Each structure stands twice: as C-alpha cells, then as structure tokens.
Amino acid sequence: MNRAQPADLFADWDSQDRSGPLSDRETELIRQNRLFMAALDNMPHGLAMFDADMKLIFCNAKYLEMYRVSADIVKPGVSVDALAAARLAAGTGPKVDGESYFADRIRSENRSTLASEMELQDGRICASARQAIPDGGWV
C-alpha cells in the first residue's frame, strides 16, 4: 500500500539541526507522536477522524484495509463525499442504497454518539460507532 509510515511524517524534522532550549522538548514530542501513530496504525480496528467541515483528519491502516480504499484517495483533507464514493466504488459501501445511507448518516446535524451494524455490498457485516469530538467533528 502506498501510505506514509509514521516515521516518514517526521523526516524533515529529523534532518534539521536542533539546538536551544526547546530541542529536548521537541525531541520528546516527536518521540511521543511516533509512538502514538504506531499505536493507531497497529490497532485491530479501523479508525477515522473527521473535522467539523466533514474532511478527513486521520485514518489508520486498518480503516484502509477494512474498506479496501486507496491511501492515494483517502488522505487528510478528503471530503466525506469523496470517501463515500471511494467505498461505493470498492464495493464496501452499505448493501442498502449507499448514497442515501451516507447522506442520512453523515450529513445528519446530530453528530453525537451513534452505533450501528450494517451489511456491506461485499456481504461482510460491519459494526461502527461514531463519537462527537469538541471541535464539531467526529471519530
């Protein structure tokens, strides 16, 4: 899969000469971020986070695998509409009318907690949960 690994996200920072009072703090933050990214990418469940404008902030490798979507399309900043289209094209949208499902579920003004199970186009059953986050987005 053509996907940036967590270490790649910090390659520019690693190549810079750091000195001064913040360098130890910056080094520790980078280390913590790498560990966090590794944990997210190695968890057994798919995870995606969206902002209040319905744009993808992050998804882990398992999410890409579960829904058989390409990291070339599904990357930070992609719209929910584009993500829904990618899932439908991959045959991993809901078995019911996918377009109306995505419109009803994702465009809902109430983005609070939601849990559901659905049959996907490919016959798998998928359980999903959505939890609102403070900025108006959701996980």
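1. Terms and model. Buried means under 20% relative accessible area, exposed means over 50%, and partly exposed lies in between (1.4 Å probe, protein chains only). This is a predicted model, in which local features need pLDDT of at least 70 and side-chain atom pairs count only at pLDDT 80 or more, while totals for chains, interfaces and linings use all residues. Residues are numbered from 1 along each chain as its sequence is written, and side-chain values use heavy atoms, with hydrogens and water left out.

2. Core. A nonpolar core here is a set of buried Ala, Val, Leu, Ile, Met, Phe, Trp, Tyr and Cys residues joined through side-chain atoms within 4.5 Å. The largest one has 19 residues. F50, L56, C59 and V74 touch the most other members. At least two core residues come from each of β1 (48–50), β2 (56–59), α3 (61–67) and α4 (80–90). Helices (H or I, at least four residues) and strands (E, at least two) are DSSP runs, numbered from the N terminus.

3. Salt bridges. The criterion is a side-chain nitrogen of Lys or Arg within 4 Å of a carboxyl oxygen of Asp or Glu. The count is 5 salt bridges. Side chains of opposite charge can pair when their charged atoms come close.

4. Pair in α2. E28 and R31 form a salt bridge, 2.9 Å from N to O. They sit 3 residues apart in helix α2 (residues 23–41), so about one helical turn separates them. E28 is partly exposed at 28% relative accessibility. R31 is partly exposed too, at 44%.

5. Pair in α3. E65 bridges to K62, with the closest N and O atoms 3.3 Å apart. Both lie in helix α3, 3 residues apart, which means about one helical turn between them. E65 is partly exposed at 47% relative accessibility. K62 is partly exposed at 26%.

6. The side chains of R124 and D122 meet in a salt bridge of 2.8 Å, N to O. R124 has a relative accessible area of 30% and is partly exposed. D122, at 29%, is also partly exposed. R68 joins D122 and R124 in a network of salt bridges.

7. Strand β3 (residues 114–119) pairs with β4 in the antiparallel sense over 6 bridges; pairing requires at least two DSSP bridges between the strands. E117 stands opposite A127 in β4. There are 5 residues between the strands, and in this hairpin G123 takes a positive phi near 95 degrees.

8. Faces of β4. Which residues of strand β4 (residues 125–130) are on the covered face, and which on the uncovered one? C126, S128 and R130 make up the covered face. I125, A127 and A129 make up the uncovered face.
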